[in-house]
2 protein chains.
Amino acid sequence: MSDLPRQHVRLIPEGDERERLVCNQCGYVFYENPKIIVGAVCTWNDAEFLLCRRAIEPRRGFWTMPAGFMELSETTEQGAMREVWEEARAKVEIDTLLAIYNLPVISQVHMIFRARMLSPDFAPGPESEAVALFRWEDIPWSDLAYPNVAWSLRHHRALVGQTGFAPRGIPED
Amino acid sequence: MSDLPRQHVRLIPEGDERERLVCNQCGYVFYENPKIIVGAVCTWNDAEFLLCRRAIEPRRGFWTMPAGFMELSETTEQGAMREVWEEARAKVEIDTLLAIYNLPVISQVHMIFRARMLSPDFAPGPESEAVALFRWEDIPWSDLAYPNVAWSLRHHRALVGQTGFAPRGIPED
């Protein structure tokens with residue numbers, strides 16, 4: 001949302017109160033709204049955590065749970081399962097919504113689910129250079145791609161055995 | 001997302017797997033993703049429900065809770081409070097997330113909060129032709145604008161006095 005496409009301008013359309021992205025040529029208004037990131041903390045045997053080492057920038061070489069932009073015509077749960085398949089070639093069942101992180105500075109809302117792998121099978125998708133299962137004590141904490149990965153793993157651990165809880169947010173510390 | 005703006009085409013960019021909206025003139029890719037609707041079931045004295053009669057299409061003349069498209073650079077809670085102000089000129093405090101509705105057919109995710117009015121003051125904003133507080137038995141059920149209004153009101157009632165619950169979804173019936 002930072003670089004303005006040529007042929008397009010930001011202006012306040014008549015009757016609106018905010019700047020919108022408008023095509024110089026045809027006048028079409030492109031409404032820009034926050035994007036949803038969907039992802040999942042996936043476990044095998046309730047003991048091992050599925051992480052992907054990113055093959056692409058940003059944060060290439062660092063580990064993350066499967067997560068990415070929600071696409072049109074899917075539910076949040078379907079989007080999370082799609083990301084798990086695309087990045088880690090694993091099949092999971094979604095259990096519950098673990099966390100919602102509001103990141104207004106980058107206009108994103110992250111919705112991270114708790115999921116169980118249906119089999120121990122996995123493999124790197126095109127955006128991953130490696131995929132692995134880690135026991136809690138082996139998680140590469142210093143090589144995680146984003147803060148939300150650690151937040152989500154810790155929320156997962158804190159909520160083991162619990163259901164029916166309110167989704168957690170960004171930790172206060 | 002249905003009408004294609006002139007000068008723009010839908011095609012699969014190189015390295016992508018999905019059709020995207022691309023400017024014919026400058027090649028810019030406009031990623032279209034699901035939109036978040038934020039809103040709130042607002043009560044005064046835990047007994048009266050704040051509803052707005054829509055002054056604009058669609059569903060002009062029908063009643064709704066305050067809700068609308070989340071905007072850039074805000075959190076979901078801030079967006080819900082903004083919508084309450086814009087549509088009902090009421091100040092509220094957000095309590096908790098009441099419901100998440102996935103509507104993949106229209107690529108929307110609705111996030112509806114439970115909120116308490118900080119004073120009994122309200123007035124119609126530009127998109128409302130009337131705003132009113134209704135006791136439960138006086139809610140105009142047959143004149144509600146959308147199914148999600150009834151879902152949210154009923155979830156609110158079912159969860160009175162409860163906290164720490166998982167957000168509800170679209171009712172099964």
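This is a predicted model: local features need pLDDT of at least 70, side-chain atom pairs count only at pLDDT 80 or more; totals for chains, interfaces and linings use all residues.
Colleague: How are two copies of a chain related in general?

Modeller: A rotation about an axis, together with a shift along it, relates two copies of a chain. The same surface serves both copies, as 97% of the contact residues of chain B recur in chain A.

Colleague: Nice! How many residues of chain B are in contact with chain A?

Modeller: On chain B there are 32, and they are in contact with 31 residues of chain A. Strand E4 (35-44) and strand E8 (92-103) of chain B are the elements that give two or more residues to this side. E8(B) has the largest share, 3 residues. By class, the side of chain B that touches chain A has 15 nonpolar, 11 polar and 6 charged residues.

Colleague: Now the backbone. Which peptide bond of chain A is cis?

Modeller: Look at the bond that joins A:Glu57 and A:Pro58, where omega is about -5°. A:Pro58 sits in the loop between strand E5 (48-54) and strand E6 (63-64) of chain A. In chain B, the bond from B:Glu57 to B:Pro58 is cis too, with omega near -5°.

Colleague: And is B:Asn45, with its positive phi, buried or exposed?

Modeller: B:Asn45 is not a glycine, yet its phi is about 60°. Its place is the loop between E4 and E5 of chain B. B:Asn45 counts as exposed because it has 9 C-beta neighbours inside 10 Å, and the cut-off for exposed is 12 or fewer.

Notes
Residues are numbered from 1 along each chain as its sequence is written. Chains are lettered from A and ligands numbered from 1 in the order in which they are written. Two residues are in contact if their C-beta atoms, placed from the backbone, lie within 7 Å. Helices (H or I, at least four residues) and strands (E, at least two) are DSSP runs, numbered from the N terminus. Ala, Val, Leu, Ile, Met, Phe, Trp, Tyr, Cys and Pro count as nonpolar, Asp, Glu, Lys and Arg as charged, and the others, Gly among them, as polar. A residue is buried if 20 or more other C-beta atoms lie within 10 Å of its own, exposed if 12 or fewer, and partly exposed in between; C-beta atoms are placed from the backbone.
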